[in-house]
Amino acid sequence: MKQKIVIEVPLNCTKCKKKVLTICTTAEGVTAVKFIRDGKDRVEIIGEGVDAAQVTQDLRNKLKFAKLVNVSKLD
């Protein structure tokens, strides 16, 4: 089952972006990661069998703030 996960994270500097990218790409089942910067800084993760809660928790541990916004199925 392919899913799309959207997480709100701070993307203030390149160091923050690098941390987010590293954490998201090393999670099991992730196939694509995309940054969304439309008023709020968000990261969109696409993959199969990705544990959204665990990825959010890992981001919180590293960046001090991460908010799970949406998890949805993709066809």
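Which residue forms a salt bridge with Asp-41, and how far apart are the closest N and O atoms? The partner is Arg-37, and the closest N and O atoms of the pair are 3.4 Å apart. A salt bridge here is a side-chain nitrogen of Lys or Arg within 4 Å of a carboxyl oxygen of Asp or Glu.

The model is predicted: local features need pLDDT of at least 70 and side-chain atom pairs count only at pLDDT 80 or more, while totals for chains, interfaces and linings use all residues. Residues are numbered from 1 along each chain as its sequence is written, and side-chain values use heavy atoms, with hydrogens and water left out.

The structure holds two salt bridges. Besides the pair above, Glu-44 and Lys-4 meet through their side chains at 3.9 Å, N to O. This pair links distant parts of the chain, with Glu-44 in strand 3 and Lys-4 in strand 1, 40 residues apart. Helices (H or I, at least four residues) and strands (E, at least two) are DSSP runs, numbered from the N terminus. Glu-44 is buried, with a relative accessible area of 11%, whereas Lys-4 counts as partly exposed at 24%. Buried means under 20% relative accessible area, exposed over 50%, and partly exposed in between, with a 1.4 Å probe and protein chains only.

Strand 3 (residues 40–48) pairs with strand 2 (residues 30–38) in the antiparallel sense over eight bridges; pairing requires that DSSP finds at least two bridges between two strands. Within this pairing, Phe-35 stands opposite Val-43. The hairpin has one residue between the strands, and Gly-39 takes a positive phi near 90 degrees there.

Next comes the interior. A nonpolar core is a set of buried Ala, Val, Leu, Ile, Met, Phe, Trp, Tyr and Cys residues joined through side-chain atoms within 4.5 Å. The largest has 17 residues, and those touching the most other members are Ile-7, Val-9, Val-20, Cys-24, Ile-45, Val-55 and Leu-59. At least two residues each come from strand 1 (2–8), helix 1 (14–26), strand 3 and helix 2 (52–63); helix 2 gives the most, with four. Leaving aside residues up to four places away in sequence, Leu-59 touches residues including Ile-7, Val-20, Cys-24 and Ala-66, where contact means heavy atoms within 4.5 Å.

Lastly, the cysteines. Taking a disulfide as a pair of cysteine sulfur atoms within 2.5 Å, the count comes to zero. For Cys-13, the nearest cysteine sulfur is that of Cys-16, 3.2 Å away; Cys-13 is partly exposed at 35% relative accessibility. For Cys-24, the nearest cysteine sulfur is also that of Cys-16, 13 Å away, and Cys-24 is buried at 0%.
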